[in-house]
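Subject: Structure handover and findings

Hello,

Here is the structure for you to look through.

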Amino acid sequence: RSSDDTGQTNDPGGKGLLQCSPSRVEFSFVSLIRLTTTVRIKNVSPGHIRTITSLPATPFFKVALDKKPSLAPGMPDVLTITFTPDSFCDYVDQITVSCEGDNLVLPLRAYPAMNENTIKGSQPGALIPRIIEFGPCAVSSAKTKTYTIENSVPIDFSFDILVVEAHPFFTIEPLSGVIASHSSQFIRVTFHPLEHATCSTKISLRINQHGYHPYITTISGYSTPPGPSPALGSAHTSPDLALPHINSPSARTPSASSSTLNARKSPQTMKGTKEKHTETVIGAHSISTLLMHSNAHNLKKKKKLATHDHGNQHRHTKE
């Protein structure tokens, strides 16, 4: 005989006079400390009843009773249950509450949890978020998110990841394994789009721990056009193809378009430009003329010296 989800007796021979809330007691722990909870045993019959409570058989569960001589209709007895573990293992026991013509069994159980985020009543999504968004990712590139699952107790826990809805652009690793005692496990989720698309997948992390409730994690992302290739990028940044800076000398050099603009300028402006250009040409011509005269003078001097030396040599030979 055991209690159902409502906490009311389901013994075929019983009359359903008692109701328990909660219908069962479970403790999950990550350290060897004392844990306490309360249970209400309510009279749901139309008349007064007297109850008898049988205490747990093991020394790890203790019960403190706020017992009344009798229970009026709708009146509860309050039980305070304390659990004190001495090692990291599972504990099972029960409490039986009896009255004339009826019995109620309250199951007791305690078990170690992997960490604070897996204990009973913890918020779903504490290990891996319920929603993972990668946002934009360039085609043929990849983004990775890493999540850490810690085991803070001295026993091992196995795990596996169920892919509920698969997508080829998402990779989850590892998909199964064992998290050793007092260690951690990394879960890596990678998004690597190979074409333009908006993608999503769903996974569920399951841990071999009593009382752990798996949940669905939705992963999404979308791809963007890839960046320019290195060759194309270097061509665009090549000095030969790059546009001149506004302050660079090349930017100030007149181009064909600037010559067209000069043709539209006033005659006075064009005259000044022509004079400057003429002065530059004349200056260059003067320098060239000076260099030619200097070279001719040096050549004439060398010939004269050569003639003098030849005459001296001939005079010595004759003598």
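Below are the notes on backbone, aromatic rings and charged pairs.

This is a predicted model, where local features need pLDDT of at least 70, side-chain atom pairs count only at pLDDT 80 or more, and totals for chains, interfaces and linings use all residues. Residues are numbered from 1 along each chain as its sequence is written, and side-chain values use heavy atoms, with hydrogens and water left out.

**Backbone**

Most residues other than glycine have a negative phi, and most peptide bonds are trans. Here are some exceptions.

The S21 to P22 peptide bond is cis, with omega near 0°. P22 sits in the loop between β1 (18-21) and β2 (25-29). Strands here are DSSP runs of E, at least two residues long, numbered from the N terminus. The E173 to P174 bond is also cis, with omega near -10°. P174 is in the loop between β12 (170-173) and β13 (176-179).

Next, positive phi. S140 is not a glycine, yet its phi is about 75°. Look for S140 in the loop between β9 (131-138) and β10 (143-151). Is S140 buried or exposed? It counts as exposed, at 61% relative accessibility. The cut-offs are under 20% relative accessible area for buried, over 50% for exposed, and partly exposed in between, using a 1.4 Å probe and protein chains only.

H182 is not a glycine either, and has a positive phi of about 50°. H182 lies in the loop between β13 and β14 (183-191). At 54% relative accessibility, H182 is exposed.

**Q185 and its contacts**

Q185 is part of strand β14. With 19% relative accessibility, Q185 counts as buried. What is Q185 in contact with, leaving aside its neighbours within four places in sequence? The list is Y147, T148, I149, F159, P174, V178 and I179. Contact means heavy atoms within 4.5 Å.

**Aromatic rings**

There are 11 aromatic pairs in the structure. Rings of Phe, Tyr and Trp (its six-membered ring) pair if their centres lie within 6.5 Å; planes under 30 degrees apart are stacked, over 60 edge-to-face, and the rest tilted.

Take F29 and Y91. Their ring centres are 6.3 Å apart and their planes are at 55°, so this pair is tilted. F29 is in strand β2 and Y91 in strand β7 (residues 91-99), so the pair ties together parts that are 62 residues apart in sequence. Both F29 and Y91 are buried.

Now F61 and F83. Here the centres are 5.1 Å apart and the planes at 35°, so this pair is tilted. F61 belongs to strand β5 (residues 61-66) and F83 to strand β6 (residues 76-83); the pair links distant parts of the chain, 22 residues apart. F61 and F83 are both buried.

Which residues form one aromatic cluster? They are F27, F29, F60, F61, F83, F88 and Y91.

K145 lies over the face of F134, 5.5 Å from the ring centre. That call needs NZ of Lys or CZ of Arg within 6 Å of the ring centre and within 35 degrees of the ring normal.

**Salt bridges**

Side chains of opposite charge can pair when their charged atoms come close. How many salt bridges does a search of the whole structure find? It finds three. The criterion is a side-chain nitrogen of Lys or Arg within 4 Å of a carboxyl oxygen of Asp or Glu.

- D90 and R109 meet at 3.3 Å, N to O. D90 lies in the loop between β6 and β7 and R109 in strand β8 (residues 102-112), so the pair ties together parts 19 residues apart in sequence. D90 is partly exposed at 45%, and R109 is partly exposed at 26%.
- R206 and D160 meet at 2.6 Å, N to O. R206 is in strand β15 (residues 198-207) and D160 in strand β11 (residues 157-165), so the pair ties together parts 46 residues apart in sequence. R206 is partly exposed at 35%, and D160 is partly exposed at 26%.
- E165 and K202 have their closest N and O atoms 4.0 Å apart. This pair links E165 in strand β11 to K202 in strand β15, 37 residues apart. E165 is partly exposed at 40%, and K202 is partly exposed at 28%.

Best wishes

Note on methods:
Helix = DSSP H or I, 4+ residues; strand = E, 2+ residues; numbered from the N terminus.
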